[in-house]
Amino acid sequence: MAFTAAELADLNAAVAAIHTPDIEVDAPPALEVVLRRKAGNTLLHLLNSSGMQVAAEYAVIDSIPPAGPVKIRLKLPAKPARVTLEPGGQSLPGAWTGTHWQGEIDRVERDHPQVKLTATKEMMV
């Protein structure tokens with residue numbers, strides 16, 4: 001079934017009126033995003049698949065370009081105690097809107113980073 005542009009816009013507006021995603025990511029299409037929760041923390045894995053092998057002729061990939069910038073908007077039940085970029089524990093600046101944490105990562109290299117939002121007591125409920 002095909003939709004006209006106007007029908008698709010109406011459908012998107014109807015869905016947006018009844019559903020807000022937990023996460024919104026503005027990033028290059030080669031970036032895969034995996035959202036997990038573990039031990040009261042929220043973990044956001046960012047996987048740079050821009051060097052993924054897609055054809056049999058290319059057996060070796062010698063260069064994977066960085067992907068970015070990556071803008072993140074994540075719905076949480078409470079303000080996180082801290083947000084870090086792992087591994088390394090580097091603090092990731094962001095803003096709390098009362099319902100969402102928002103931040104930006106300049107670039108995602110070959111080795112995938114993980115954004116760790118450390119829980120407050122309210123988030124562990």
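Four strands form an open sheet in the order 1-4-8-7, with antiparallel pairing. Strands here are DSSP E runs of at least two residues, and helices are H or I runs of at least four, both numbered from the N terminus. Two strands count as paired if DSSP finds at least two bridges between them. The edges are strand 1 (23-26) and strand 7 (94-96), each of which pairs on one side only. From one strand to the next, the twist averages 10°. The angles run from 0 to 180 degrees between N-to-C directions, with axes fitted as lines to C-alpha atoms, for helices over the stretch in contact.

The model is predicted; local features need pLDDT of at least 70 and side-chain atom pairs pLDDT 80 or more, whereas totals for chains, interfaces and linings use all residues. Residues are numbered from 1 along each chain as its sequence is written, and side-chain values use heavy atoms, with hydrogens and water left out.

Within the sheet, strand 4 (residues 70-75) and strand 8 pair in the antiparallel sense over 6 bridges. Lys75 stands opposite His100 in strand 8. Val108 counts as buried because its relative accessibility is 0%. The cut-offs are under 20% relative accessible area for buried, over 50% for exposed, and partly exposed in between (1.4 Å probe, protein chains only). The C-alpha atoms of Val108 and Val70 are separated by 7.9 Å, although the two residues lie 38 positions apart along the chain.

The protein chain has 1 helix and 9 strands. Its pattern along the sequence is α-β-β-β-β-β-β-β-β-β. Of its 125 residues, 27% count as buried. Among contacts (heavy atoms within 4.5 Å) with a separation of 6 or more, 63% join residues 24 or more positions apart.

The accessible surface of the protein chain comes to about 8,500 Å², and carbon and sulfur atoms contribute 55% of that area. Areas come from the Shrake-Rupley method with a 1.4 Å probe; for residues, only the protein chains shown count as cover. Leu8 is found in helix 1 (residues 5-18). Leu8 is partly exposed because its relative accessible area is 41%. Leu8 also belongs to a nonpolar surface patch with Met1, Phe3, Leu11 and Val15, with about 550 Å² of accessible area together. Patch residues have over 30% relative accessible area and no salt bridge; nonpolar side chains (Val, Leu, Ile, Met, Phe, Trp, Tyr) are joined within 5 Å, like charges within 9 Å. A salt bridge is a side-chain nitrogen of Lys or Arg within 4 Å of a carboxyl oxygen of Asp or Glu.
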